[in-house]
Amino acid sequence: MAKGGFRGGGYSGGGGYSGGGGGMNMMKQAQKMQEDLLKMQEEMEEQTYTAQSGGGVVTAVVSGKHQLAELIIEPDAVDPEDVEMLQDLIVAAVNEAMRKADTSMSESMSKLTGGLNLGF
C-alpha cells in the first residue's frame, strides 16, 4: 500500500465525510425529496381526470389511482343495432382519461425532481 493510506476517501482530508457534513446535507435533501414525492403522489391519487369520446356522448372519469370512478353514457349513444360502436367509445374515453392521469403525474414528477429521470 502506498504511503498515506487510501486516496480520496475516509477521514484523512481527501474528500468523503471530512470537513463539513456535505454528505449529511445530501441525505437531508434526498429525504425531503422523498417526502415531497409521497405527498405529491397522495395528492395526485385524489384528483380525477375526465375524457370524452363520440363528441361527448361518452364521458369517463378516472382517479389518480387509475380506477374508473364514473362512466356517463348519453342515451343517444345507445343503439341496440350498433353495440360495438358504444363499446369503442367507452374504451376510447377511458383510455384517454387514463392517459391524462399519466401525463399529469409525469409532469408533476418532472417539476418536483427538476427533470431528473428517477424511473417514475
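Is Arg 99 buried, partly exposed or exposed? In this predicted model, Arg 99 is partly exposed, because its relative accessible area is 42%. The legends below treat this residue and other sites in turn.

**View 1. Overall arrangement of the secondary structure in the predicted model.** The protein chain contains two helices and three strands. Read from the N terminus, these elements follow the order α-β-β-β-α. Of the 120 residues in the protein chain, 23% are buried.

**View 2. The largest nonpolar core and the elements that supply it.** This core comprises 19 residues, and Val 58 and Val 62 have the most contacts inside it. At least two residues of the core come from each of helix H1 (22-46), strand S1 (48-53), strand S2 (58-63) and H2. Helix H2 provides the largest share, with nine residues. In soluble globular proteins, nonpolar side chains tend to be buried together.

**View 3. Salt bridge between Arg 99 and Glu 96.** The two side chains meet at 2.6 Å, N to O. Because Arg 99 and Glu 96 are three residues apart in helix H2, about one helical turn separates them. Glu 96 has a relative accessible area of 26% and is therefore partly exposed. The whole structure holds two salt bridges.

**View 4. Salt bridge between Asp 36 and Lys 32.** Here the distance from N to O is 3.1 Å. Both residues belong to helix H1, where they lie four residues apart, about one turn of the helix. Asp 36, with a relative accessible area of 27%, is partly exposed. Lys 32 likewise counts as partly exposed, at 48% relative accessibility.

**View 5. Nonpolar patch on the surface.** Leu 68, Leu 71, Ile 73 and Val 78 make up this patch, and together they present about 310 Å² of accessible area. Leu 71 is located in strand S3 (residues 68-73), and its relative accessible area of 34% makes it partly exposed. Ile 73 is also found in strand S3; at 33% relative accessibility, Ile 73 is partly exposed. From C-alpha to C-alpha, Ile 73 is 8.8 Å from Leu 86 in space, and the two are 13 residues apart in sequence.

View 6. Asp 88 is part of helix H2 (residues 83-113). Since the cut-off for an exposed residue is over 50%, Asp 88 counts as exposed because its relative accessibility is 54%.

Note on methods: Residues numbered from 1 in each chain as written. Predicted model: local features only at pLDDT ≥ 70, side-chain atom pairs only at ≥ 80, totals over all residues. Heavy atoms only, no water. Buried < 20%, exposed > 50% of the residue type's maximum accessible area, 1.4 Å probe, protein only. Core = buried A, V, L, I, M, F, W, Y, C linked by side-chain atoms within 4.5 Å. Patch = residues over 30% accessible without salt bridge, like charges linked within 9 Å, V, L, I, M, F, W, Y side chains within 5 Å. Areas by Shrake-Rupley, 256 points an atom, 1.4 Å probe, with all protein chains shown as cover. Salt bridge = Lys/Arg side-chain N within 4 Å of Asp/Glu carboxyl O.
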